[in-house]
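Subject: Structure handover and notes

Hi,

Here is the structure I promised to pass on to you. Please have it open while you read, and my notes follow below.

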Amino acid sequence: MITAWSGDTSRLRATVDFVKEQDTATLLPLLLPGLDGPELRTMAERCSFSHAALLVFPPDTAALDTLLAACGLAGGAPPVPSVVVRERLAARHGRPAGDLDVGILRPAVQGRDGARRTVEVFALTVPPWSGLEDVAAQERRRQHEAHVAFEVDAPDPLVLRGLCAAFGRYGATPGGGGYNPHENGTVFYFDAPAEAKAGYRRVELYVPGDHRDILDAHLAEHRGRQPAETVLRLLTGAWTTQALAAFARLGVADAMDAGRGTGAAELAERVGARAPHLTTLLRYLSMLGVVCEDREGFRLTESGRLLRADAEGSMRPLALMYGGPFYESFAGLDETVRTGRVAFERRFGANHFDHFARDPELADLFDRSMAAGARMFDPLPAHPVIAAAAGGGTVVDIAGGNGELLSRILSAHPGLHGVLLERPQTVEIARRLLGAAGHAARCTFRAGDFADVPTGGDVYVLSRVLHDWDDDRCREILRHCARAMPATADLLVVERVLPPDGAASLATAWDLHMMCNVGGRERRADHFARLFADAGLVLVDQAPLPLDGSVLHVRRSGRTTA
C-alpha cells in the first residue's frame with residue numbers, strides 16, 4: 001500500500017536528486033524564464049545555488065533516521081529546533097506552537113559539478129493518533145516550506161541591489177525576508193513567476209551580514225503590491241492563451257533552428273507572416289519564457305520546445321485545442337453559471353464528443369491533446385497492481401483514447417496483454433499507435449461503449465473518464481466495470497482530485513473547464529469513494545501523479561485489502 005509517509009521518502013529522494021543534478025547556471029533560467037546570455041553569466045558569478053528545502057512528517061526520530069538513510073543522507077545527529085518554521089505552521093493551522101515539534105537538519109550533498117551543497121530537511125514529528133495528520137496532509141499538498149536557496153558570494157550592497165532588481169525583471173516578486181542576528185545574515189524571499197519550470201515557487205537569497213537597509217525596501221515592495229496590477233495581469237490571461245495558440249498554429253516553433261537564434265525576418269518568411277507583427281508576438285512570448293532573444297535572433301526555451309510538433313511530449317495539440325474550440329466556448333461561461341447549460345453545447349450545437357466525432361481532423365486533435373498530458377502517466381506502469389499482473393496478466397483500458405497509456409504499460413511489462421475499449425474511429429488510431437510501438441500482437445482492440453467492458457481482466461483502468469460525466473452516469477459506468485471485473489481484479493481510476501481544503505490545484509481549474517465544456521466535474525476523494533460504494537466497489541488507496549493527478553486504487557466490495 002502506498003502511504004503518505006512513504007510519499008515523504010519519494011519527495012525527499014527527488015529533492016536530493018534535484019540538488020545533485022542542478023547547478024547555478026542551469027537553475028537560474030528555470031526559475032526566471034527568459035534569463036540568458038551575459039545577464040545569466042553575471043548573476044551566476046554573483047550568487048551560488050546552496051540548497052533545496054523540504055518539510056517531512058516522520059512519526060518519530062528513528063523513522064526520520066530511516067528516511068534519511070533511504071535517501072542516501074547522513075543521519076544520527078539530532079535535529080536542531082526550527083522556531084521560524086514552527087511559528088509559521090502554528091499560524092497557518094491555528095495550532096499552539098508548543099504542540100508542534102519541528103526540527104531542522106542540513107545533510108551535505110555533492111553536486112555533479114563537484115560543488116558541496118545541502119538538503120535542508122524540516123521535520124514535523126507526527127506520531128500516530130496525534131491529531132496532526134491533517135496538518136501534514138495539507139502541508140504535503142501546498143508545499144509551503146519547499147524552496148531553493150542561493151547564497152550571495154560577495155555581499156556588496158551594489159551587487160545585492162542588482163540581484164534583487166534582476167529577480168524582479170524576470171517576473172519574481174518579493175515574498176518577505178528577515179535579518180538573523182544569531183547568524184549575522186539577511187534573507188530575501190522571492191516568489192518565482194508562474195512560468196517557472198524548476199518545480200519550486202519560493203526562492204531564498206541569503207546574504208552574509210546585516211543588509212536591513214536594502215531589506216526594508218524589499219519588504220516595502222512585498223507589502224505594497226497593488227491589487228490593481230494583480231487584477232490587470234489576471235485579465236490579460238486570454239492574451240497569453242491566444243499568443244501560444246497563434247505561435248503553434250503558425251508553426252513558428254517548428255521553423256526555429258535548434259542550435260542558434262533566428263532573426264524575425266527569416267522566421268516570418270518561413271511561416272508566411274509579417275516580420276514586424278511576428279516580432280511583437282515573439283517579444284511577448286519572450287516575456288513568458290517561451291522564447292528568448294539574443295544577438296542572433298530568437299531561440300526556443302525548454303518550454304517553447306514543447307510547442308514543436310515533433311517534440312517528445314509535444315503540447316502543441318493542447319495549445320490548438322485550448323486556443324480553439326475550448327477558447328470559443330469559454331466565452332459562454334457566464335451563461336453556464338447562470339443556467340447550468342454547457343457552454344460548449346450552446347456554442348457548437350452538440351456535446352463535445354458528438355461535435356468532434358463529426359470532424360475527423362478535430363477528433364484527431366482532441367485525441368492528441370489528451371495524449372499531450374501523458375506525463376501524468378509516468379509513474380503508472382510501476383503501480384503495484386500492474387506490476388503484480390506483469391507475469392501474463394491482462395490490463396483493460398476503458399475509453400483508452402489513442403492508446404498512449406496502454407502503450408506505456410505494455411512497454412514496461414513485456415509479459416502483459418492489453419485490451420483497449422474505445423469508439424470505432426478512435427480504435428483504429430490506437431491500433432496504429434500500438435502497432436508502431438510493437439505491441440499489436442499483445443493487444444486486443446474492442447470497439448464499443450461503457451456497456452461493453454470486457455470480462456476477465458486482471459487490472460482495469462479508467463483514465464480521465466469519470467470527470468466527463470455527472471454522478472448518475474459515473475455510477476452507471478462504474479457498475480459496468482464492477483460487473484465485468486473478476487472478484488480478484490483491481491481498478492485504477494486516474495483523475496485530478498480536488499483537495500479537501502481548497503488548496504491551489506490544477507484540479508480546481510479543470511473543474512471549471514469540465515463544467516463549461518463537457519458538463520462534467522472534478523471531485524474530492526470522499527466523493528469518489530461514495531460513487532464507488534454505490535457501484536459495489538471500495539476505494540483502497542490514493543497516490544499522487546504528476547500534473548496534480550491522482551491514481552485511485554479500487555476493488556470490489558468484500559475483497560480484503562491485503
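Let me start with a pair of helices: helix α12 (residues 264–271) packs against helix α13 (residues 275–287) at an angle of about 110°, and their axes are 9 Å apart. Because angles of 65 to 115 degrees count as roughly perpendicular (under 35 is roughly parallel, over 145 roughly antiparallel, and the rest oblique), α12 is roughly perpendicular to α13. On the α12 side the contact is made by Ala264, Ala265, Leu267, Ala268 and Val271, and on the α13 side by Ala275, Leu278, Thr279 and Leu282. Sorted by class, that contact has eight nonpolar residues, one polar and no charged ones.

A few words on how to read this. The model is predicted, so local features need pLDDT of at least 70 and side-chain atom pairs count only at pLDDT 80 or more, while totals for chains, interfaces and linings use all residues. Residues are numbered from 1 along each chain as its sequence is written, and side-chain values use heavy atoms, with hydrogens and water left out.

The terms are these. Helices (H or I, at least four residues) and strands (E, at least two) are DSSP runs numbered from the N terminus. Axes are lines fitted to C-alpha atoms, for helices over the stretch in contact, and angles run from 0 to 180 degrees between N-to-C directions. Contact means heavy atoms within 4.5 Å. For the classes, Ala, Val, Leu, Ile, Met, Phe, Trp, Tyr, Cys and Pro count as nonpolar, Asp, Glu, Lys and Arg as charged, and the others, Gly among them, as polar.

Trp239, Thr240, Ala243, Leu244 and Phe247 of α10 meet Leu281, Leu282, Tyr284 and Leu285 of α13. By class, this contact has eight nonpolar residues, one polar and no charged.

Helix α3 (residues 37–46) and helix α7 (residues 157–169) pack at about 130°, with axes 11 Å apart. α3 is therefore oblique to α7. This crossing, too, is left-handed. Here Glu39, Met43 and Arg46 from α3 meet Val159, Leu163, Ala166, Phe167 and Arg169 from α7. The class count for α3 with α7 is five nonpolar, no polar and three charged residues.

**The cores**

A nonpolar core is a set of buried Ala, Val, Leu, Ile, Met, Phe, Trp, Tyr and Cys residues joined through side-chain atoms within 4.5 Å. Buried means under 20% relative accessible area, exposed over 50%, and partly exposed in between (1.4 Å probe, protein chains only).

The largest nonpolar core has 51 residues, and those with the most contacts inside it are Leu12, Val148, Phe150, Phe167, Phe188 and Leu205. Its largest share, six residues, comes from α7. Apart from it lies another core of 33 residues, including Ala268, Leu307, Met321 and Leu365. As for Phe150, if you leave aside neighbours within four places in sequence, its contacts include Thr24, Leu27, Cys47, Phe49, Val203 and Tyr206.

**Single residues**

Is Glu139 buried or exposed? At 3% relative accessibility, Glu139 counts as buried. It sits in helix α6, and it touches Leu55, Phe57, Leu89, Arg92, His93 and His144, not counting residues up to four places away in sequence.

Gln143 lies in the loop between α6 (133–142) and β6 (147–152). Its phi is near 55°, a positive value in a residue other than glycine, and at 28% relative accessibility Gln143 is partly exposed.

Leu547, in the loop between β19 (537–545) and β20 (549–556), also has a positive phi, of about 60°, although it is not a glycine. Leu547 counts as partly exposed at 28% relative accessibility.

Gly392 lies in the loop between α21 (384–388) and β12 (394–398), and it is exposed, with a relative accessible area of 54%. Gly392 and Leu416 are 24 residues apart in sequence and 5.1 Å apart in space, C-alpha to C-alpha.

Best wishes

How values were computed: Left-handed = near helix turned anticlockwise from the far one by under 90°.
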